[in-house]
Amino acid sequence: MINRVSFQQTLPILFGYIPLGMAFGVLFVTQLDYPWWGAPLMGITIYAGAGQILAVSLLAAHTGLLEVFIAMFVLNARHLFYGLSLLGRFKGAGLRKLYLIFGLTDETYSLLTSRPRSEDADTERRIDLRITLFNQVYWVIGCAMGALLGRAVAFDSTGIEFALVALFIVLTIEQYKALNASFPIWVGALAAGLCMAALPAEHQLIGAVIVTTVTLLVTYRLNKSAQTSQEATNG
Amino acid sequence: MDNINYLLAFIAVATLATFATRVIPFVFFGGHSEHPLIRHLGRQLPAAVMALLVVIFLLRSGEWSAPVFGADALLPSLLVVGLHFWRRNALLSIIAGTACYMAIQQM
């Protein structure tokens, strides 16, 4: 039952991760002169879409390891903020928590924070774990397929990666219904629009996450001080 | 063939850097999950991040110059929104939207 529920919830990720993973795998074997298994190995250990695509160009340029660390850290810095909203959720998961944290991609984060939850914490945690694992399996399969097929990839799957955009739209609607408030959605959308207009492509995502987080923190402070001053006038 | 040791060292470093970005909040704020500020972020940040991802990936999926003006990405997105408010079946909304986008891109 748990497996079926988790599989159903991760289907859109399957449609997104297989083609994206394949794109990375093809890039890996056509741009670099390394054995094909390097691609699925990176999918298993690094497990970051944009990060691995950046890694291909860093590998091609024989980049120094310190620069590699800095580049990968900066590119994935948005994940610093994702964890903040999952601190309570992962509590008590023991060792499994390490894997839940390791597997926290954009897509897994989206599913875990949006899905409806029952009171049964143990079952819910097992579903969280399955979702995380299934997503990584799709990703690694995609990486391996792309690396093995290489240039021979023939079927026309142009546009299938839109599944991820569609997933994010659906999850935004679900978040809106769950929160019953549109304010955070406007904050995120406006921050993204602003950063798309003002920043180069490689900084847009992290820029938007920082602007969004800071705005939510500031509005929290403003609301709080407004409450305090109201209490002061009333008292 | 290039040096395999470089590849393995590279993968180790990249793995460490990526994991660091994911684990740092849990290491530094793990004890404060009940703090009202963290709870506020926990409630509102996912919704905001989801909207942010929509805008960024949507803008990158479309052709925004004349004569299309983004219709190639906006039409499938409106289909997803409409279907989802109507039936609230995530898989249906996503498959229909993706099929619509693929049909337009492959025309």
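Biologist: What share of the contacts in chain A with a separation of 6 or more comes from residues 24 or more positions apart?

Modeller: A contact means heavy atoms within 4.5 Å, and in this predicted model residues 24 or more positions apart account for 75% of the contacts in chain A with a separation of 6 or more. As the model is predicted, local features need pLDDT of at least 70 and side-chain atom pairs count only at pLDDT 80 or more, while totals for chains, interfaces and linings use all residues; side-chain values use heavy atoms, with hydrogens and water left out. Residues are numbered from 1 along each chain as its sequence is written, with chains lettered from A and ligands numbered from 1 in the order in which they are written.

Biologist: How many helices and strands has chain A?

Modeller: Helices (H or I, at least four residues) and strands (E, at least two) are DSSP runs, numbered from the N terminus; chain A has eleven helices and zero strands.

Biologist: At what angle do α2(A) and helix α8 (residues 121-149) of chain A pack?

Modeller: Axes are lines fitted to C-alpha atoms, for helices over the stretch in contact, and angles run from 0 to 180 degrees between N-to-C directions. Here the angle is about 165 degrees, with the axes of α2(A) and α8(A) 8 Å apart. Because angles under 35 degrees count as roughly parallel, over 145 as roughly antiparallel, 65 to 115 as roughly perpendicular and the rest as oblique, α2(A) is roughly antiparallel to α8(A). On the α2(A) side, Ala39(A), Pro40(A), Gly43(A) and Ile44(A) meet residues of α8(A) that include Trp139(A) and Cys143(A).

Biologist: Which residues make the contact of α2(A) with helix α1 of chain B?

Modeller: The axes of α2(A) (residues 38-45) and α1(B) (residues 4-29) come within 10 Å and cross at roughly 25 degrees, and the two helices are therefore roughly parallel to each other. Gly38(A), Leu41(A), Met42(A) and Thr45(A) of α2(A) make the contact with Leu7(B), Leu8(B), Phe10(B), Ile11(B) and Thr15(B) of α1(B).

Biologist: Is Ala48(B) buried or exposed?

Modeller: Buried means under 20% relative accessible area, exposed over 50%, and partly exposed in between (1.4 Å probe, protein chains only). Ala48(B), placed in helix α2 (residues 36-61) of chain B, is buried because its relative accessible area is 0%. Leaving aside residues up to four places away in sequence, Ala48(B) touches Pro184(A), Gly188(A), Thr212(A) and Leu216(A).
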